[in-house]
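Try each task before you read its solution.

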Amino acid sequence: MHDPAGPDHPVRGREIALLTNPASGRGRGARHRDAALARLRESGFVVRNLQGRDADEAADLARGCVSDGVEALVVCGGDGLVHLAVQAVAGTDVPLGVIPSGTGNDVARYLDLPRADPVAAADRVIASRTRTIDLARSGDRWFVTVLAAGFDAVVNERANTMTWPRGQMRYNLATLAELRTFRPIPYVLHLDGGSRTETVEHEAMLVAVGNGPSFGGGLRITEGALLDDGLLDVVVITRMSKPKLVRSYPRLFTGRIDGLAEYVHHRVRSVTIAAPGIVSYADGERFGPLPLTVDCVPGALQVIA
């Protein structure tokens, strides 16, 4: 999709789709869309301006655009909308562009996109430089960032049942509530590294499977994960005391958790995770109950970066 005419002179009449979650980032989605849409149209793109009434309709719109053969599918929202769009573009030659407007924006971090300036993000779409990255897949579902399958997933489940407060504080309260009763979880992991396979058992606080290094707005749980190495990074935090879990939590933001005695790290092509009573989350979205198998699919996604 690279345009030899340069970023300021794209070919007139090239059609792309802009799919927006107007509520993302507490209303930033709508504002960022308006700014990006004006810039994209003024540069010569024909833009389908789309938003779904709900996630199902948004998913239908994304699939429809891809089957129509638009030149790119651009989303204006957070990681949840990226996750939705990836289900439509994975394994196709339609690249995904991102105008970040969510609260986490981890995919935008990965791709070094401007996260606070929608016009600058639109300029990346206009320049149309693409790269190919890996995706993680379980069954027929894909994810870009991290699959959470432990304490963090339990917190997400609780937060989703809460109607108050909004935003990050809801997760903080859900974290405190779950800490009171949380017990280490017995996991069985079947790890396939390509040249060898092994099955390991852990009593653990969390297991995370990373296609990329962070989730949840910069929580660097799978520090070191690369988007194009053909591998998944599986991080286990084994049994630790609740006070130590609370003390260690800030280290996730910096990625400096490899010094913890309870930290275990595997690099694999595929992993099967089993644990009782856990519903996993990926890209911040409810993904599915364990057990499940996650594979790395090299080069499954083209992104405008």
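**Exercise 1.** Find the handedness of the β-α-β unit made by β1, helix α1 and β2.

*Solution.* Start with the elements of this predicted model: strand β1 covers residues 15-20 and strand β2 residues 46-50, while helix α1 spans residues 24-42. Next, look at the strands: β1 and β2 pair in the parallel sense over 5 bridges. For a landmark, Glu15 stands opposite Val46 in β2. Finally, follow the path from β1 over α1 to β2: the unit is right-handed.

**Exercise 2.** Classify the geometry of the pair formed by the rings of Phe143 and Phe287, and say which strands hold the two residues.

*Solution.* The structure holds 2 aromatic pairs. In this one, the ring centres of Phe143 and Phe287 are 5.6 Å apart and the planes are at 85°, so the pair is edge-to-face; the cut-off for that class is over 60 degrees. Phe143 belongs to strand β6 (residues 141-143) and Phe287 to strand β14 (residues 285-289), so the pair ties together parts 144 residues apart in sequence. As for accessibility, Phe143 is buried at 0%, and Phe287 counts as buried at 10%.

Note on methods: Residues numbered from 1 in each chain as written. Predicted model: local features only at pLDDT ≥ 70, side-chain atom pairs only at ≥ 80, totals over all residues. Heavy atoms only, no water. Phe/Tyr/Trp six-rings, centres within 6.5 Å; stacked < 30°, edge-to-face > 60°. Helix = DSSP H or I, 4+ residues; strand = E, 2+ residues; numbered from the N terminus. Buried < 20%, exposed > 50% of the residue type's maximum accessible area, 1.4 Å probe, protein only. Pairing = 2+ DSSP bridges. Right-handed = clockwise from strand over helix to strand, strands pointing away.
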